[in-house]
Protein chains: 2
Amino acid sequence: MATSKREEATVMSELFADRAAIGTESRLAQLFGGQLGPDGIKFSAGNPNPDLFPTAQMQNAFNTAIDTAGNHLFEYQEVAGPVHLRQQLANRVHQTAGINATADNVLVTQGGQQAIDLVAKLLLDTGDEVAVETPTYVGALASFDQYGPTYLDVPMEDDGMDVDALTSLLKTHPNIKLVYTVPDFHNPTGVTMSVAKRKRLVELAEEYHFYILEDTPYRDLRYHGHSLPAIKSFDRHGRVIFISSFSKILMPGLRTGWVVADEMVINKLRQLKETSDLESPAIMLHAVSAFLDNNDLNQHVANMLTTYRNRLDAMLNALTEFMPDTVKFTRPDGGFFVWLTLPENVDTQALLQDVVMPQAHISYVPGQVFFAHQNVHNGLRLNFSGVDEQQITAGIQRLATALTENTVKVQ
Amino acid sequence: MATSKREEATVMSELFADRAAIGTESRLAQLFGGQLGPDGIKFSAGNPNPDLFPTAQMQNAFNTAIDTAGNHLFEYQEVAGPVHLRQQLANRVHQTAGINATADNVLVTQGGQQAIDLVAKLLLDTGDEVAVETPTYVGALASFDQYGPTYLDVPMEDDGMDVDALTSLLKTHPNIKLVYTVPDFHNPTGVTMSVAKRKRLVELAEEYHFYILEDTPYRDLRYHGHSLPAIKSFDRHGRVIFISSFSKILMPGLRTGWVVADEMVINKLRQLKETSDLESPAIMLHAVSAFLDNNDLNQHVANMLTTYRNRLDAMLNALTEFMPDTVKFTRPDGGFFVWLTLPENVDTQALLQDVVMPQAHISYVPGQVFFAHQNVHNGLRLNFSGVDEQQITAGIQRLATALTENTVKVQ
């Protein structure tokens, strides 16, 4: 009987841990919306463009890995990942981010998401204070949520996190354990943190004794201006845990990310990875390593930049041309996203469901999910990396029309 | 300066969560010992024999996966794993374990270890009561440890967990949330649970309202006698969460395991997997799926059984011939392990380090690590799957000599 089965389910779900209690949907579950129809244009994704994937070269790399190691490749291996790959990554963060690291400072993870989760598992007991940008990356919040932290909000400015606001916060909350930031082409706003703020953040970490989690998946995807040194490059006392991944610069399906930190932190994270999934599949890591040996990743990234730069420029041009004055938007120099701020009385979630999807056949991500306290309703995230220039121009025009007609109405 | 760096490290480590506090080494860190020299024989591993890996067929499967899906294979995919693979796994557990399941009852995980970790994450708040076999699988304890449970010990008998003892325990501890068991060729003892006990365990779960975590990595590796139905096959009310993996029957490097459970449980575990690592690499899952489509896994397993049966028989024969009467050992019908019980005053950890490794050049796993409370010191685990028959006979003879000389001495 349906009823008794449902009752049964409710009773058994009472055994779930607090973090998994029925009703606590993961924030990530809210991210991906419904169908848009044949003329639909999706600005809601967060994906790299699969047309740019070096699939043939990666297939060669998989075959090289198997041909080289044979049966041994499929045995249990090292938790931290192969030393050759860790050395390649240490070299790469030195070259691209100004970080001094050896292979012993690197842990390879299942994408950036596992890196975030392991850092949260390392640091957070229930109730521990974590300072986050508002808005911030939803996948980090979803992972932090599992460890029951107390979130403290730090506003964003055009040059990154408001470090003055963080300083004030630290005076009243000196026990903040962790400050999480996406300093380069921030998800969801596209904003980049200035060098001055990077340095001040490290000084604050030394003074107030907290860890900085520097999350940099978009770091190498700069379309205008010059690369800035990583926050980690200013770190003298092991305050900064730097993470990145190949998801955006190579392929997300590789599920390959990494952590760069002091050896003491890496050793602990490695233990936590071991209890989480023993190790990542060696064939993935050896294939990535063979790809890096036999291909020029920097050249691959440079080739992608042209495509993405054109899309960013198309989006900023269309926003400038079509959006009403009441809609503010960021002007990123890289990454995948532009952030729109609508008048305060607009709820972008309701607007999406009631108007934008059904009438304009456009999707975006309503901003609420990117706020730790889900208390801001008038922002939205647009993705430009997965949509071509023609679609961007047409889509932004349609979105602008819908916003003009409807946000004027609700004002 | 070295000193100030060490002080720094100590201070920063004060920020670690309770689960990761300095000094709390993972149990898994204790598992793998040192070098044995050229005549060394390792009974300490837990690995399948790599000579039996179908590496060429798996290489074909990787190429098939890439050739079929192209760039799309490297995009973000479904968290639960491809529906075709989940259907293959649902069919397999029906065929080999008597479990009725659909693809919606299956979640694909990063090996069995992630399956265990996700179930622990789903169920365990700090202090929650978990009943475990003594001894039990160390990797499960290492994962459970992260969630701060209270362990309750259930003794093992020759036909599996002492269900009478569990019944008594439930009367004084009616809030036990989870009973963890390895019913088939148990790690570390090799013991198999009787059908009668499997049924009683499900009845107890209904009466006392707990989940059973049925962990079955060795289930298909039976060398004598007939396969028994899974505990899950007797489950009518969603009390049993069944997990298994390809690590032992195919290759551990695939890092592919799975959970079979009620849809409500699967949905929650999928959310927790998403916050842990977003998803497993699609290429791994599509390659495994292509392998299953194009090869006969049952035939592959049947071919392995001959090798492993000969090794088990060689080990039991050698133990019978060479061990002193004071050493008791189990007589498994499958799996990878035999468990030895020495006189109560023997500490197998000290014996290994002081005598067996340096003098006999033999390794085993001292049993203490397999006990939740690490309070039993006279057991040890021998692996026979990774050692050939000649080595087994010679190694057991050398081990028996060392034990005879030294356990007599310490008595």
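At what angle do helix H2 (residues 55-69) and helix H9 (residues 282-294) of chain B pack, and how far apart are their axes? I looked this up in a predicted model, in which local features need pLDDT of at least 70, side-chain atom pairs count only at pLDDT 80 or more, and totals for chains, interfaces and linings use all residues. Residues are numbered from 1 along each chain as its sequence is written, chains are lettered from A and ligands numbered from 1 in the order in which they are written, and side-chain values use heavy atoms, with hydrogens and water left out.

**Helix packing in chain B**

I found an angle of about 115° between H2(B) and H9(B), with the axes 8 Å apart; axes are lines fitted to C-alpha atoms, for helices over the stretch in contact, and angles run from 0 to 180 degrees between N-to-C directions. Helices here are DSSP runs (H or I, at least four residues), as are strands (E, at least two), numbered from the N terminus. I then listed the contact (heavy atoms within 4.5 Å) and noted that residues including B:Phe62 and B:Ile66 in H2(B) meet residues including B:Ala287 and B:Phe291 in H9(B). The residues of this contact divide into 10 nonpolar, 3 polar and no charged, where Ala, Val, Leu, Ile, Met, Phe, Trp, Tyr, Cys and Pro count as nonpolar, Asp, Glu, Lys and Arg as charged, and the others, Gly among them, as polar.

I also checked helix H4 (residues 111-123) of chain B and found that 13 of its 13 residues are buried, so the rest of the structure largely encloses it; buried means under 20% relative accessible area, exposed over 50%, and partly exposed in between (1.4 Å probe, protein chains only).

**Loops and backbone**

B:Phe185 sits in the loop between strand S6 (178-181) and helix H7 (195-208) of chain B and counts as buried because its relative accessibility is 2%. B:Gln374 sits in the loop between strands S13 (365-366) and S14 (379-383) of chain B, and its 23% relative accessibility makes it partly exposed.

In chain A I noted a cis peptide bond from A:Thr134 to A:Pro135, with omega near 0°, and another cis bond joining A:Asn187 and A:Pro188, with omega about 20°. A:Pro135 lies in the loop between strand S3 (129-134) and helix H5 (138-145) of chain A.
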